[in-house]
Amino acid sequence: MTADTLSRVFSALADPTRRNIVTRLAEGDATVGQLAEPYQMTLQAVYKHLRVLEDAGLVTRPHGPQPRPAHLEATAFDVMDDWIERYRRLAEQRYRRLDAVLAAMNDTGTKEERSP
Amino acid sequence: MTRITETAIEADPKLPIIRMTRDFAATPGQLFRAHTDPVLFAQWIGPDAMHTRIEHWDARTGGSWRFVSVQGEIEYAFRGCFHEVRHDRIVQTFTFEAEPDGVALQTLWIEDLGDGRTRLRTQSLVDSFESRDGWLASGMETGVNEGYAKLDRMLADGTV
């Protein structure tokens with residue numbers, strides 16, 4: 001996955017309506033009409049949001065006759081989680097080095113680097 | 001209180017922010033010093049495969065800093081300002097000099113857990129989701145293959 005794709009995923013989820021759509025699709029597939037029900041917005045607007053989610057690879061809609069229910073692609077989130085996890089692991093490595101520095105401060109009682 | 005012995009991370013879905021939380025077996029004063037004393041800071045900021053050379057360091061409110069990560073012939077320079085330095089809170093900017101337009105605003109909170117442990121919370125705010133993704137992507141490039149070589153050495157020589 002390129003940084004570009006990841007950007008699309010993050011910006012797609014930056015919108016509260018789209019996050020809400022994703023939350024509802026996590027419970028099961030839904031048609032545009034069903035998705036539009038709780039909102040004060042036109043079907044057109046819901047289509048627009050869906051298209052952003054589709055472009056980000058988060059949602060798919062099968063080809064064929066209407067109504068075409070929208071389906072949440074869970075794997076797209078896995079990739080995003082993977083990126084965040086790699087970043088987290090790097091931070092954890094950094095903090096383990098910090099653990100060691102702090103432990104050495106305990107041992108020597110000074111702030112200077114010392115050999116044990 | 002639940003102890004967070006492994007770094008917890010959160011990428012805010014609404015704002016281009018990365019938040020992290022981690023507990024340390026140290027006093028708030030020690031954690032503060034490890035972030036403000038250049039000799040100590042250079043020992044852990046990393047990444048593992050690189051050596052850190054502090055070029056300038058004035059860890060006071062209104063001060064500034066600059067350090068260079070060195071690996072052989074390769075050097076990456078970073079700089080920023082210490083906007084606010086307090087014992088429980090540090091606010092600073094962070095810029096990779098090769099991309100001077102990208103500035104992250106970092107806030108660190110040092111929270112005493114009262115049992116010889118201290119919680120560090122950090123927040124990095126960047127100017128766009130694209131920038132944040134770039135930060136996350138930087139995790140792909142460095143460190144993944146570095147393993148725990150440095151920690152292993154510290155364990156071996158009894159530093160830990």
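**Note on a predicted two-chain model**

1. The expected span is 1.5 Å times one less than the number of residues; helices are DSSP runs of H or I with at least four residues, strands are runs of E with at least two, and both are numbered from the N terminus.

2. This is a predicted model, in which local features need pLDDT of at least 70 and side-chain atom pairs count only at 80 or more, while totals for chains, interfaces and linings use all residues. Residues are numbered from 1 along each chain as its sequence is written, and chains are lettered from A in the order in which they are written.

3. Buried residues of H4(A) are Val46(A), His49(A), Leu50(A) and Leu53(A). Buried means 20 or more other C-beta atoms within 10 Å of the residue's own, exposed 12 or fewer, and partly exposed in between, with C-beta atoms placed from the backbone. Seen down the axis, the buried residues of H4(A) fall within an arc of 100 degrees, so they line one face of the helix. The arc is taken over directions from the helix axis to the C-beta atoms. Just after H4(A), Gly57(A) has a positive phi of about 80 degrees.

4. Asp101(B) sits in the loop between strand S6 (89-96) and strand S7 (103-112) of chain B. Asp101(B) counts as exposed because it has 7 C-beta neighbours inside 10 Å. Its C-alpha atom is 29 Å from that of Arg22(B), 79 residues away along the chain.
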